[in-house]
Amino acid sequence: MKKQLPGVYTAVRKDHTIYYRASLTYRGKHISLGSYDLAEEAHQAYLIARSLLSENSVFINHYSSDSLLAFEKWVNLINFRDNGIYFSSPIYIRPKFFYYYFTPSDFFIFDMEDLFYYSSRKITRRGGHYFVADYGMQVNIMSRYGIKNYAVEGRDYRFINGNHQDMRYENIEIINRYNGVNAVNDGGKTRYQVKIHVKGNINVGTYDSETEAAIAYNKAIDLLKKAGVDKAYTPNYMEGMSPAAYADLYASVKVSSGVRHYRCE
């Protein structure tokens, strides 16, 4: 490729048309800045990048949507300038946490222990949910907190400080950990209501402990399958419970007559 203006290289597409790539080297690292139709645009992107890396007065919130640099690259460069680490993800690190940016005003705050995970994965948004590609699968990032895909904020989990952008573990409280289980206030006491869906919701029962409720849901699954319900339910996994303890509780836990006597039409 033939070098032209500083930071600009000519390249050829598969259809033989010419375009221009901008790049620079900073602290021994070669950084690609993007591709452009015009050489002058690529050169201006190069100049903007050099300015970002040399001007400590320019910050992430100074980004403009008409910039020749992509916002993600803007974040990459400023983090490299300030923290000496180049990430391919739009991450800016602080001493005890880091930001993952979507726009200057739209970002998540994560614990530092998640830095390796998100520095090698991109977060995508779809239908109000956030996913990463993990070993070829689309994984909802809320699953890292034990939150199910169908969980409802305020019912199954909550942000303790009210900030939906703060994804630090200390800020996320899990209210309902198990499928089909919903914590309810019963005369000032927390009890656990269980429902299971067939054609509509069927009440399974209300229980004193979350463990009883989770196992009651599993028992309801088994009874409905015996009754001929062909539905792919996900049973609750009881971590740390021995098979004998599980069997004893499974045998003793009561479920509603609506489940026990259910018949497929």
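The following dialogue explains how to read several features of a predicted model.

Q: What kind of model is this, and how are its residues numbered?
A: This is a predicted model, in which local features need pLDDT of at least 70 and side-chain atom pairs count only at pLDDT 80 or more, while totals for chains, interfaces and linings use all residues. Residues are numbered from 1 along each chain as its sequence is written, and side-chain values use heavy atoms, with hydrogens and water left out.

Q: Which order do the strands of the open sheet of three strands have?
A: Strands of a sheet pair through backbone hydrogen bonds, either parallel or antiparallel. Strands (E, at least two residues) and helices (H or I, at least four residues) are DSSP runs, numbered from the N terminus, and two strands pair if DSSP finds at least two bridges between them. In this structure, an open sheet has the order 1-2-3 with antiparallel pairing. Strand 1 (8-12) and strand 3 (29-36) are the edge strands, each pairing on one side only. Neighbouring strands of the sheet are turned by 30° against each other on average, direction ignored; axes are lines fitted to C-alpha atoms, for helices over the stretch in contact, and angles run from 0 to 180 degrees between N-to-C directions.

Q: How many bridges pair strand 2 with strand 3, and which residue stands opposite Lys29?
A: Strand 2 (residues 18-26) pairs with strand 3 in the antiparallel sense over seven bridges. Tyr26 is the residue opposite Lys29 in strand 3. The loop between strand 2 and strand 3 holds Arg27, whose phi is near 50°, a positive value in a residue other than glycine. Arg27 counts as exposed because its relative accessibility is 52%; buried means under 20% relative accessible area, exposed over 50%, and partly exposed in between (1.4 Å probe, protein chains only).

Q: Which helices lie across strand 2?
A: Helix 1 (residues 39-54) lies across strand 1, strand 2 and strand 3, and runs at about 15° to strand 2. Helix 2 (residues 71-83) lies across strand 2 and strand 3, at about 160° to strand 3. Contact here means heavy atoms within 4.5 Å.

Q: How many salt bridges does a search of the whole structure find?
A: Side chains of opposite charge can pair when their charged atoms come close. A salt bridge is a side-chain nitrogen of Lys or Arg within 4 Å of a carboxyl oxygen of Asp or Glu. The search of the whole structure finds 13 salt bridges. One of them joins Asp106 and Arg125, with the closest N and O atoms 2.5 Å apart. This pair links distant parts of the chain, Asp106 being in strand 6 (residues 106-111) and Arg125 in strand 7 (residues 123-126), 19 residues apart. Asp106 is partly exposed, at 21% relative accessible area, and Arg125 is likewise partly exposed, at 44%.

Q: Which residues does Asp208 meet in salt bridges?
A: Asp208 meets Lys189 at 3.7 Å, N to O. Asp208 lies in the loop between strand 14 (201-207) and helix 4 (210-226) and Lys189 in strand 13 (residues 189-197), so this pair ties together parts that are 19 residues apart in sequence. Asp208 also meets Arg191, at 3.0 Å, N to O. Because Arg191 is in strand 13, that pair ties together parts 17 residues apart in sequence. Salt bridges that share partners join Asp186, Lys189, Arg191 and Asp208 into one network.

Q: Where does Arg191 sit relative to Val184?
A: Val184 stands opposite Arg191 in strand 13. Strand 12 (residues 181-186) and strand 13 run antiparallel and are joined by six bridges. The two strands form a hairpin with two residues between them, and Gly187 in the turn has a positive phi of about 65°.

Q: At what angle do helix 4 and helix 5 pack?
A: Two packed helices are described by the angle between their axes and the distance between the axes. Helix 4 and helix 5 (residues 243-252) pack at about 70°, with their axes 9 Å apart. Helix 4 is therefore roughly perpendicular to helix 5; angles under 35 degrees count as roughly parallel, over 145 as roughly antiparallel, 65 to 115 as roughly perpendicular and the rest as oblique.
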